[in-house]
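I open a notebook on this structure and take it site by site. Cut-offs go in where a term first comes up.

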Amino acid sequence: MQNSTEKYLRTEKLPHIWCAGCGNGIVLGAMVRAFDKMDCDQNNTVIVSGIGCSSRAAGYMDFNTLHTTHGRALAFATGIKMAKPNINVFVIMGDGDATAIGGNHLIHAARRNIDLTTIIFNNQIYGMTGGQYSPLTPLESIATTAPYKTIERNFDLPELAKAAGATYIARSTTYHAAMLTNLIVAGATHKGFSLIEAVTACPVSFGRRNKMGSGYDMLMWQKEHAVSAEKAKNLTPEEMQEKFVIGELYKTNAPEYTEVYDRLIERAQGKI
Ligand code: SF4
Ligand code: MG
């Protein structure tokens, strides 16, 4: 018998391609549970993804899905939202996909405050292409392109999104999967550009080189290093060293791009 979330999956596409211990399936599960909570209309929803292990998630979900080119998911999603503003548009990207190749699209989508719900699977590496470091790879990590450790500081994704103008920003982990579901619901309900960072484990391309153990060990790492936004308020910078904050991090209201654009059309037509 089909359970309530199964209708959101293209079960005929399973088994998935992900390695044993990969966290991507947990993020996919959190998304599907969020769709279920929202009683999502599959015909009125589009999921757009870029390229990489995480972006395969779009193909496993039974919606109108678009698997695009590396870094360009937000450009495609912007086009869809502009053409049909009433459609719910979700975007799935990996860390390198979103912040290196697609970094420009990310900051400008945030700046425009276009109503897209963006879920960034942050496994801290380019997994599919073999473990090259990305802008979210922590400083002094080993990668195939950094055999003597990275010397580049990583972005703090929520801070980047906030500075660029995103109006809903949250972060969770695959260990905190129930929280991730709730944050996806809150991001999708918010009018404007929502960014949800999902910290996830890649035991094969990141964990193995950085001696982080199995997928399970990496989940425990998330448990030990994540601090809720509420708790973080009472901790000193020293206590927060090597930790990261999870939960709803920022929320504000600002004019949404497609609505502003509609008013521009009316002005150009002399209606207002
Ligand atoms: Fe997951 Fe990493 Fe394997 Fe990709 S390479 S499927 S991110 S474990
Ligand atoms: Mg990645």
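I started with K211, which counts as exposed at 75% relative accessibility. K211 sits in the loop between α7 (203–207) and α8 (215–225). Helices (H or I, at least four residues) and strands (E, at least two) are DSSP runs, numbered from the N terminus. K211 is not a glycine, yet its phi is positive, about 50 degrees.

I noted the ground rules next. This is a predicted model, so local features need pLDDT of at least 70 and side-chain atom pairs count only at pLDDT 80 or more, while totals for chains, interfaces and linings use all residues. Residues are numbered from 1 along each chain as its sequence is written, chains are lettered from A and ligands numbered from 1 in the order in which they are written, and side-chain values use heavy atoms, with hydrogens and water left out.

E140 also has a positive phi, about 65 degrees, without being a glycine. I found E140 in the loop between β4 and α5. E140 is exposed, with a relative accessible area of 55%. Then I checked omega: the peptide bond from L14 to P15 is cis, with omega near 5 degrees. P15 belongs to the segment before α1. I keep the background in mind: most residues other than glycine have a negative phi, and most peptide bonds are trans.

**Magnesium site**

Which residues coordinate the magnesium ion (ligand 2)? I list D95 (OD), N123 (OD1) and I125 (O), at 2.1 to 2.2 Å. Donors are N, O and S atoms within 2.8 Å of the metal (3.2 Å for Na, K and Ca); water is not among the atoms, so sites may look incomplete. Along the chain the donors follow the spacing D-x27-N-x1-I. D95 lies in helix α3 (residues 95–101) and I125 in the loop between β4 and α5 (157–164), so this pair ties together parts 30 residues apart in sequence. D95 is buried at 1% relative accessible area. I125 is buried too, at 2%.

N122 is buried, at 5% relative accessible area. Not counting residues up to four places away in sequence, N122 touches D95, L136, E197, A198, V199 and T200. Contact means heavy atoms within 4.5 Å.

**Ligand 1**

I listed the shell: W18, C19, C22, N24, C53, N123, G127, C202, P203 and S205 surround ligand 1. A residue is in the shell if one of its heavy atoms lies within 4 Å of the molecule. The shell divides into 6 nonpolar, 4 polar and no charged residues. Ala, Val, Leu, Ile, Met, Phe, Trp, Tyr, Cys and Pro count as nonpolar, Asp, Glu, Lys and Arg as charged, and the others, Gly among them, as polar.

**Cores**

A nonpolar core is a set of buried Ala, Val, Leu, Ile, Met, Phe, Trp, Tyr and Cys residues joined through side-chain atoms within 4.5 Å. The largest has 29 residues, and F35, I47, M61, I92, I119, I184 and I196 touch the most other members. Two or more residues each come from α1 (24–37), β3 (88–94), β4 (117–122), β5 (168–173), α6 (177–189) and β6 (194–199). The largest share, 7 residues, comes from α1. Apart from this core lies another, of 25 residues, including V46, A73, I87 and V91.

I then looked up I184. Leaving aside neighbours within four places in sequence, I184 is in contact with A30, M31, A34, F90, T117, I119 and I196.

**Aromatic pairs**

How many aromatic pairs does a search of the whole structure find? I count 7. Rings of Phe, Tyr and Trp (its six-membered ring) pair if their centres lie within 6.5 Å; planes under 30 degrees apart count as stacked, over 60 as edge-to-face and the rest as tilted. The rings of F35 and F90 have centres 5.0 Å apart and planes at 85 degrees, so I log them as edge-to-face. The pair links helix α1 to strand β3, 55 residues apart. F35 is buried at 0% relative accessible area, and F90 at 3%. Ring pairs join Y8, F35, F63 and F90 into a cluster.

Definitions and conventions:
Buried < 20%, exposed > 50% of the residue type's maximum accessible area, 1.4 Å probe, protein only.
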